[in-house]
Amino acid sequence: MAAPVLWGGTVYGAVCVLKPSSLMPEDLAVPIGATLAAAERLSVLAAGHMFPTPLAG
């Protein structure tokens, strides 16, 4: 799974999780949420904000 890191309206990069499917949980809500949160935080940093909101957990 992957989520884009944005700089304004431009895709600047991506956060990607690679793991064998046999090791992934059946419910993907937690890893998807963590991937999206990391991409959002990196997007905030790319935009020049020095103190983004901490990641949960």
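Buried residues make up 16% of the 57 residues in the chain. The model is a predicted one. Its chain exposes about 4,400 Å², and carbon and sulfur atoms supply 66% of that area.

The chain contains one helix and two strands. Reading along the sequence gives the pattern β-β-α. Contacts can also be sorted by how far apart the partners lie in the sequence. Of the contacts in the chain with a separation of 6 or more, 38% are between residues 24 or more positions apart.

The helix, α1, covers residues 29–46. Its length can be checked against expectation. At 1.5 Å a residue, the 18 residues of α1 should span 26 Å, and the C-alpha atoms at its ends are 26 Å apart, so the two values agree. Just after α1, Gly48 takes a positive phi of about 100 degrees.

Which residues of α1 are buried? They are Pro31, Thr35, Ala39 and Ser43. These residues cover an arc of only 110 degrees around the axis, which puts them on the same side of α1. The geometry of a helix gives the background: an α-helix has 3.6 residues a turn, so residues three or four places apart point the same way. The buried residues of α1 pack against β1 (2–7) and β2 (10–16). On the face turned away from the buried side, α1 carries the exposed residues Val30 and Glu40.

Thr35 lies in α1 and has a relative accessible area of 4%. Because buried means under 20% relative accessible area, Thr35 counts as buried. Leaving aside neighbours within four places in sequence, Thr35 is in contact with Met1, Ala2, Ala3, Val15 and Val17. Ser43, also a residue of α1, is buried with a relative accessible area of 15%. Not counting residues up to four places away in sequence, Ser43 touches Pro4, Val5 and Leu6.

Ala38 lies in the helix and is partly exposed, with a relative accessible area of 21%. Ala38 and Ala3 are 35 residues apart along the chain, and their C-alpha atoms are separated by 8.6 Å. Val44 is another residue in α1, and at 25% relative accessibility Val44 counts as partly exposed. Val44 and Trp7 are 37 residues apart in sequence, while the distance from C-alpha to C-alpha is 8.1 Å.

Leu36 belongs to α1 and is partly exposed too, with a relative accessible area of 48%.

Methods. Residues numbered from 1 in each chain as written. Predicted model: local features only at pLDDT ≥ 70, side-chain atom pairs only at ≥ 80, totals over all residues. Heavy atoms only, no water. Helix = DSSP H or I, 4+ residues; strand = E, 2+ residues; numbered from the N terminus. Buried < 20%, exposed > 50% of the residue type's maximum accessible area, 1.4 Å probe, protein only. Contact = heavy atoms within 4.5 Å. Expected span 1.5 Å × (residues − 1). Arc of directions from axis to C-beta. Areas by Shrake-Rupley, 256 points an atom, 1.4 Å probe, with all protein chains shown as cover.
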